[in-house]
Amino acid sequence: MTAHLNAALEAAGRGWYVHPLRPGGKGSALHGERACPQTGECADGHRKWEQRATTDLDRIHQAWAAGAFNVGIATGPSGLVVVDLDVPKEKDGKGSSDAPDGATSFAALCERAGQPIPLTYTVRTPSGGLHLYYAVSPDVRLFNTARTVAPNVDTRAWGGNIVAAGSTTPQGTYEVINGAPVTDLPAWLLSLLHTPATPDRTPAPLLIPGQATRRAEVALERETAAVAGMSEGGRNNRLLAGARAMGRFVAWGEIARDVVETAFQASGEAAGLSSGECRTTIHSALDWSIRTCRPRETA
């Protein structure tokens, strides 16, 4: 049994939904929407990696028999929130930085909350960062955050992927440094991460075919500016969040999709993301948002 297959089976044994990542990398090894064969699991339409992640042992054996794939964990279906404590790139021998690393920021966050650091199953990343795994109940639906909780602290939940222990990159191996059972997400941290939508009680604007409403234009300007201003480490997540935020305006007919895609493409590339990465993220985010948003009359 290969080390990567063993890592996938161990994660699945904990009830975590896994999917193959590229060998030596962190990107999904599964086909994307544009290359979808529309067969098998995708016979009724393309199923993304989060939907195709599995705990089925036969499927896992079959997938990892095809190559030494790294192991991704779909955090949402797995009932997990993983707190990702990053190490600033400047602290990796590329200069100095005034920003604290993620572990320091998280410790300060816990101190301000008057709570100890919640110990749990922990994985050290090849760059020296930490992944802290916490469990949430099935009725809790949180989404990813990127440095909104504290400097260099991201979280992965629904829509999120985390690289499992046992996976390897050119920089090293993801290693378990605390094999304790996964702790429940503390209530104070759950409250911090849970930001329910506030209904907009203002009347819906009059829609003019071929034009954007003022509120859609303002939202697009705000979201694209936030993306363009991101530094390395949270750029893709911010692009994903921004495009998702704009999807409802596209669905409601308040702005054309191509206008939104063009604006985010420019801001993503300005932040340093590749053209292909921008296109994939924007397309996926808008599709999800348009499909799941509430009707304009009830939003």
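This short talk walks through one protein model, from the overall build to a few residues.

Please keep in mind that the model is predicted. Let's start with the overall build. The protein has 299 residues, and 40% of them count as buried. There are 9 helices and 12 strands. Now the contacts. Take those with a separation of 6 or more: 71% of them are between residues 24 or more positions apart. The accessible surface is about 15,100 Å². Carbon and sulfur atoms hold 53% of that surface.

Next, the inside. In soluble globular proteins, nonpolar side chains tend to be buried together. Here the largest nonpolar core has 24 residues. Which residues have the most contacts inside this core? They are Trp16, Val18, Ile60, Trp64, Val71, Ile73 and Tyr133. Several elements each supply at least two residues of the core. Two or more come from each of the helices H1 (3–13) and H3 (57–64). The strands on that list are E1 (18–21), E2 (70–74), E3 (80–85) and E8 (161–163). H1 gives the most, with 6 residues.

Let's stay with H1. Its buried residues are His4, Leu5, Ala7, Ala8, Leu9, Ala11 and Ala12. What covers them? The cover includes E1, H3, E2 and strand E9 (168–169). Just after the helix comes glycine 15, with a positive phi of about 90°.

Now pick out valine 71. Leaving aside residues up to four places away in sequence, valine 71 touches His4, Ala7 and Ala8, among others. Its partners also include Val18, His19 and Leu21. Trp64 is another, and so are Ile162, Val163, Ala164 and Ser167.

On to the rings. The structure holds 5 aromatic pairs. One joins tryptophan 16 and tyrosine 121. Their ring centres are 5.4 Å apart and their planes are at 70°, so this pair is edge-to-face. Tryptophan 16 is in the loop between H1 and E1, and tyrosine 121 is in the loop between helix H4 (102–112) and strand E4 (122–124), so the pair ties together parts 105 residues apart in sequence. Both residues are buried.

A second pair is phenylalanine 143 with tryptophan 288. It is edge-to-face too, at 5.9 Å centre to centre and 70° between the planes. Phenylalanine 143 sits in the loop between strand E5 (130–135) and strand E6 (145–150), while tryptophan 288 is in helix H9 (residues 275–292). That links parts of the chain 145 residues apart. Buried or partly exposed? Phenylalanine 143 is partly exposed, at 34% relative accessible area. Tryptophan 288 is partly exposed as well, at 24%.

There is also a ring cluster. Ring pairs link Trp16, Tyr121 and Tyr133.

Two arginines meet rings. The charged end of arginine 244 sits over the ring of tryptophan 288, 4.1 Å from its centre. Arginine 141 lies over the face of tryptophan 158, 3.9 Å from the ring centre.

Last stop: threonine 224. It lies in helix H6 (residues 214–228). Is threonine 224 buried or exposed? Its relative accessible area is 12%, under the 20% cut-off, so threonine 224 is buried. What does its side chain have for a polar neighbour? The backbone oxygen of leucine 220 lies 2.7 Å from a polar atom of that side chain. Setting aside residues up to four places away in sequence, threonine 224 touches Ala263, Phe264 and Ser267.

Definitions and conventions:
Residues are numbered from 1 along each chain as its sequence is written. This is a predicted model: local features need pLDDT of at least 70, side-chain atom pairs count only at pLDDT 80 or more; totals for chains, interfaces and linings use all residues. Side-chain values use heavy atoms; hydrogens and water are left out. Helices (H or I, at least four residues) and strands (E, at least two) are DSSP runs, numbered from the N terminus. Buried means under 20% relative accessible area, exposed over 50%, partly exposed in between (1.4 Å probe, protein chains only). A polar contact is a pair of N or O atoms within 3.5 Å; within protein, one must be able to donate a hydrogen and the other to accept it, and residues adjacent in sequence count only if both atoms are side-chain atoms. Contact means heavy atoms within 4.5 Å. Accessible areas come from the Shrake-Rupley method with a 1.4 Å probe; for residues, only the protein chains shown count as cover. A nonpolar core is a set of buried Ala, Val, Leu, Ile, Met, Phe, Trp, Tyr and Cys residues joined through side-chain atoms within 4.5 Å. Rings of Phe, Tyr and Trp (its six-membered ring) pair if their centres lie within 6.5 Å; planes under 30 degrees apart count as stacked, over 60 as edge-to-face and the rest as tilted. A charge sits over a ring if NZ of Lys or CZ of Arg is within 6 Å of the ring centre and within 35 degrees of the ring normal.
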